[in-house]
Amino acid sequence: MSHMDTTIQSVSESKPKFLYRRVAEAVIDDIQSGRYAQGDRLPVESELQKRFKVSRIVIRQAMELLGQKKLIERQPGKGTFVREPIAAQGHAMIGVLNGYRMGASDPCFAPMLDAVSNALSASDKSVVLRNIYNVKPAELDDMVRFVQLDGILILMPDIVESAQMVAKRVSKLGVPVVGVNFRSNLIDCVFQDCYSGGFCVAEHLMELGHRKIWCLDFENSPVGVAERMEGFSDAISQNSWDASLDKITTSHDDVYRMICDSVSSGQELPTAIFAADDQMAAKVITALTRYDLRVPEDISVVGYNDIHLTESHIPPLTTVHVPLREMATYAVRLLNKKLASGEQEPTGKQTMLMPKLVVRDSSAIVKD
């Protein structure tokens, strides 16, 4: 069966409400492959009906969609013509909405933005960056409507209230939208399996013989952080390890003082500390070394995210690598597919990528 036959079969076997999109995708493929060049007249409706085995209304809906995407042009009395090659159109305007407080300097946002910029520039698309941290709903509408956008990528932490608000508002703008690093059934999203990340940290520390562990969490932590802590606890309970697990709520600002107070007060210390992220883990190590406590000889420390400084830290930090670049690149691929097919209605497709434990020098076997 030829490639064209396969395309026709997929069109005829699709659900009715998606038929016109499948027809549009097939015509886009024809233009990209050179079957129809700029200025060429497309076959008349009856010929397209015969080719795709669909009704006239489906053909007209597909042509309307291609017209909205400015790929074709109808000339009364003459027919429907290819407006310009898709590759020449390029220069689509993609809005990147940043929900991270520190913006481009955030250690998680920065690699995602870099991956998005590289992927979009490779497909000849321009980026419009908008910071949306703590913006009000009405302000968000004004920001994304200020520039006529062809598509939107939302990069933000998995904070339920703000993420859902942004997804709800943006999903109504009538352009393709993909979210990165959070979940919402209102739009397509690409995110990490935080639960598995925490689970593998617990297995690692248990295998090293650690049984007294502190888990340092954030107050009102994002969904992802809460899930990695849940995965950590479940790994211990499911394996019936006899471990003492203390969950401590702190923050980036307070963790150094908290560790110092614990050591100076003579409190019994753990053999390992699992911090909510790498920045917190780095401050833990700094506080411990102030009191001549060695990492990992006296206390092992594990972080999360694998930001760019973790490998060069002293000691190099054991952490969980989050596929930030991979998530961002995959999200761009989804968005490009939506743009090419003319799909504007959100589907709520959820794609989960797996994190990976990276063992370095900050964790070691417990000494007797």
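Guide: Let us start with helices α11 and α12, whose crossing is right-handed. Please keep in mind that this is a predicted model. Helix α11 covers residues 255-264 and helix α12 residues 278-290; the two pack at an angle of about 35°, and their axes lie 8 Å apart. On the α11 side, the contact is made by Val255, Tyr256, Ile259, Cys260 and Val263. Helix α12 answers with Met280, Lys283, Val284, Thr286, Ala287, Leu288 and Arg290.

A second pair to look at is α7 with α8. Here residues 137-145 form helix α7 and residues 160-170 form helix α8. Their axes come within 10 Å and cross at roughly 45°, which means that α7 is oblique to α8. The crossing of α7 past α8 is right-handed. Pro137, Ala138, Leu140 and Asp141 of α7 meet Met165, Val166, Arg169 and Val170 of α8. Of the residues in this contact, six are nonpolar, none is polar and two are charged.

Asp141 and Arg169 form a salt bridge, with their closest N and O atoms 2.5 Å apart. Asp141 sits in helix α7 and Arg169 in helix α8, so the pair, 28 residues apart, links distant parts of the chain. The structure holds 13 salt bridges.

Now to the sheet. It is an open sheet of four strands in the order β9-β8-β10-β11, and the pairing is parallel. Its edge strands are β9 (244-250) and β11 (300-302), each of which pairs on one side only. On average, neighbouring strands of this sheet are turned by 20° against each other, direction ignored. Helix α10, residues 223-238, packs on the sheet and touches β8, β9 and β10 (272-275). The direction of α10 makes about 160° with that of β8.

Notes
Residues numbered from 1 in each chain as written. Predicted model: local features only at pLDDT ≥ 70, side-chain atom pairs only at ≥ 80, totals over all residues. Heavy atoms only, no water. Pairing = 2+ DSSP bridges. Axes fitted to C-alpha atoms, helices over the stretch in contact; angles between N-to-C directions. Contact = heavy atoms within 4.5 Å. Parallel < 35°, antiparallel > 145°, perpendicular 65-115°, else oblique. Left-handed = near helix turned anticlockwise from the far one by under 90°. Nonpolar A, V, L, I, M, F, W, Y, C, P; charged D, E, K, R; others polar. Salt bridge = Lys/Arg side-chain N within 4 Å of Asp/Glu carboxyl O.
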